[in-house]
Amino acid sequence: MQILRSGDDEDESVELLRPEDDDELVTDAENENENENEELETKTAKKETNKEFWDRQYKNLMHFLVEDWFISAMLGIITAILSISIDVGIELLIHLRNHLFEISKSYHESMGFVVWVSYITFFVWASAIICYAFGKQAVGSGIPEVKVIIHGFKMKNYLSLKTLIAKVLGLTLAMGSGLPIGKEGPFVHIGAIVASLLNKATSACRFNSFFSNEGRSMEMLSIGCAVGIACTFSAPMGAVLYGIESTSKYFAVKNYWRSFFATTCSALIFRFALLFFVPPHIAGTIMAYYQTNFPNEVFVIEEIGFFVLLGVAFGLLGALFVYYHRRISLFKKRNRAFKSVFGNSPISFTVICAALFAVLAFPDGFGTFFAGKMTFHETLVDFIANCTFTMSNVSNNGCPPELVERWTSINGFHPLMTLSLYFTIYFLLVPICIGLFIPSGIFVPCFVIGACGGRIAGELIAMIYPDGFHDETFIYPGLYAVVGAAAFTGSVTHSLSIALIVCETTGQLCALLPVLISLMISNAICSFLQPSIYESIIKTNGYPYLADLPPSRISVHQMKIEQIMIKDIVYITRDTTYWELREILLQTPNLRSYPFVTDKTSMTLLGSVARKYLVYLIQQKLGSEADMFAQRRNDQTSSELFISLRQGSQPMLTDRSISGSTLLPQSLLHDDQGENGPLASLLYSQNEDTTPIVHSMAQKVELLSSKVDLIEVAIDPAPFQLVRGTSLYKVHTLFSLLALNHAYVTEKGRLVGVVSVKELRETLNNIYSRGAVAPRQRVRPINDEENALSS
């Protein structure tokens with residue numbers, strides 16, 4: 001339908017639209033708005049000056065360089081420099097020990113004994129003193145602690161500069177003494193500390209969200225772990241995989257290239273320094289590169305069965321090693337006699353153990369029977385040698401006399417007896433030494449022990465089949481040593497990346513298939529029987545960490561969350577009064593959040609409220625009551641935070657200082673709206689009026705009896721929820737993947753329970769022996785002091 005309208009200048013034809021044509025009208029309006037927006041953007045873009053343009057491009061360039069290249073490169077370079085310095089220091093101390101021993105022995109045999117024992121004991125004591133003075137967090141491997149930190153639990157001072165100093169000096173002195181410990185764990189810890197310090201050093205570049213992203217910090221720690229392994233084995237590719245396996249449950253593939261770039265920079269600096277700065281007589285000993293010369297056809301198909309048996313044997317031995325180490329650790333913690341003697345003095349026990357090892361490894365004493373003077377590097381080179389000690393094979397396969405002489409004692413011991421004694425002694429000593437009050441690693445000792453066991457197996461097979469299985473084929477005991485090293489280390493650490501590390505350190509791929517066969521079998525057997533050595537240490541020390549599930553445990557699939565959840569829940573409703581809220585906060589000092597439900601009858605879950613906001617609400621209404629909110633935690637309490645805020649001693653609160661872990665990133669709390677935002681009164685302190693709120697008794701009674709005004713509180717409208725029929729396996733997977741502290745259990749929207757990391761840990765505490773067992777029900781939910789570490 002058309003209507004003719006007369007105008008002043010001209011007639012216009014206007015078409016009236018029918019209702020069904022409304023969509024076209026809306027479309028035309030949207031197009032007009034889009035055109036207007038485009039014109040506005042064009043005008044705005046034209047207004048940008050050259051200076052503003054170049055400033056914006058400069059920020060983008062800095063963001064790109066620092067984010068993607070600078071931090072990764074500096075991480076690799078700094079860690080490599082520290083690695084080379086430590087390795088050179090260790091080798092100098094080892095050479096000094098042997099030189100002093102030879103000089104003193106030339107005067108008198110007893111003087112040589114005194115110098116040998118005193119040297120080892122003194123440097124171990126010095127290492128323990130340094131750790132005690134600078135930071136006790138430097139003691140041990142460091143991988144279990146980094147593993148816990150990466151999974152979201154804060155551990156005080158483990159990534160500090162003082163810990164780095166103690167780790168570097170303590171590791172140099174401890175390994176320089178000759179104690180049978182490794183360096184890969186401390187290097188992982190060192191790499192993580194360097195990554196953490198680099199993150200702090202880039203605080204001036206925090207003009208965007210990248211540098212303040214907590215997830216990014218965890219990624220940098222994982223890259224630091226990979227760099228630490230790369231510096232230990234000169235294996236950049238295998239180091240990345242091992243760093244991920246040993247510290248992370250889940251890893252973003254997009255960060256692979258940063259790890260590879262950092263490890264490549266580390267390996268490049270390592271090789272450059274060895275060529276130009278490290279003395280030639282030391283460069284060959286600190287280079288973790290064990291070149292093998294196996295032929296391409298190093299094994300025949302008949303030997304596959306022996307590799308399988310080797311995997312089974314080392315899987316059982318690896319489980320025994322982990323169990324033995326854990327029993328030693330628990331003995332030191334629980335035995336009354338031990339605690340009465342060494343309970344308050346870990347340094348004394350460390351010194352005594354060092355002195356006993358020195359006596360045992362004395363080269364002219366009992367150490368003669370198991371090559372006590374030789375270092376792990378020297379023995380590993382002999383173990384993977386492309387020859388046989390027994391000289392059973394012909395042509396070039398017999399070992400040279402000087403090599404055989406090193407493994408033949410003065411009493412004419414057979415090399416197999418010396419190797420067996422070496423394997424037994426270090427299998428018993430290493431779990432004790434890695435638990436001393438010094439920095440120590442586990443990887444290298446396990447690698448050498450496995451190589452020794454594999455060498456024994458290879459020598460026995462060579463004796464049984466002196467001419468090989470076919471004409472012109474020979475048995476290579478060095479191959480069995482390589483396979484044994486990978487199998488035993490993989491079983492103890494539950495890692496499969498050992499296969500790639502072995503190939504990189506030996507420089508050959510011909511042993512890859514036997515290594516993979518034996519490694520997977522040993523790993524599967526040990527995983528079924530025992531946790532990894534790192535998770536065993538975590539469990540022994542009681543760190544707040546949710547361990548991995550062992551394979552083939554049917555109980556984790558049959559048990560439901562309703563069997564382990566806590567049913568006696570502390571919650572708040574619309575009808576909760578300030579008096580009730582005050583009592584709830586007093587009775588539950590360790591809770592960090594509270595579920596918010598409709599009422600006591602329906603119990604429909606509406607969200608959760610962080611404790612910090614409720615404390616703030618009480619302070620705003622009733623004034624400062626410092627004693628009322630005293631907590632058992634060592635960090636600053638919520639009441640102290642707000643009291644100091646009111647006194648003007650704290651800067652204004654931001655979303656980073658007040659937000660709880662239960663708040664989602666999409667919450668209003670994270671909207672940067674400044675003082676005009678809906679939570680401005682909560683986020684920004686008003687320091688103009690510092691007069692404390694004072695109420696009369698009647699006013700307090702009236703306020704306490706009134707209902708809580710939840711409009712002033714930041715409520716998380718979507719806390720993580722699970723249904724009561726969820727299996728324990730799925731719960732464990734979700735908690736591990738999302739790094740959850742707790743989750744609410746609902747049934748058709750009704751809150752029926754809550755489960756936290758503590759309940760999961762207690763349920764899985766004896767998973768290897770008894771399966772999943774539901775913990776005893778407690779009164780309060782999430783009453784876990786350990787989760788306070790992850791706030």
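Tutor: The accessible surface of the chain comes to about 37200 Å², and 59% of this area belongs to carbon and sulfur atoms; such areas come from the Shrake-Rupley method with a 1.4 Å probe, and for residues only the protein chains shown count as cover. The model is predicted, so local features need pLDDT of at least 70 and side-chain atom pairs count only at pLDDT 80 or more, while totals for chains, interfaces and linings use all residues. Residues are numbered from 1 along each chain as its sequence is written, and side-chain values use heavy atoms, with hydrogens and water left out.

Of the 791 residues of the chain, 52% count as buried, that is, under 20% relative accessible area with a 1.4 Å probe, protein chains only. The chain has 30 helices and eight strands; these are DSSP runs numbered from the N terminus, with helices (H or I) of at least four residues and strands (E) of at least two.

Among the buried residues of helix 20 are Pro514, Ile517, Ser518, Ser522 and Cys526. An α-helix has 3.6 residues a turn, so residues three or four places apart point the same way. The buried residues of helix 20 pack against helix 11 (304-334), helix 18 (477-493) and helix 19 (498-506), where contact means heavy atoms within 4.5 Å.

Technical notes
Buried means under 20% relative accessible area, exposed over 50%, partly exposed in between (1.4 Å probe, protein chains only).
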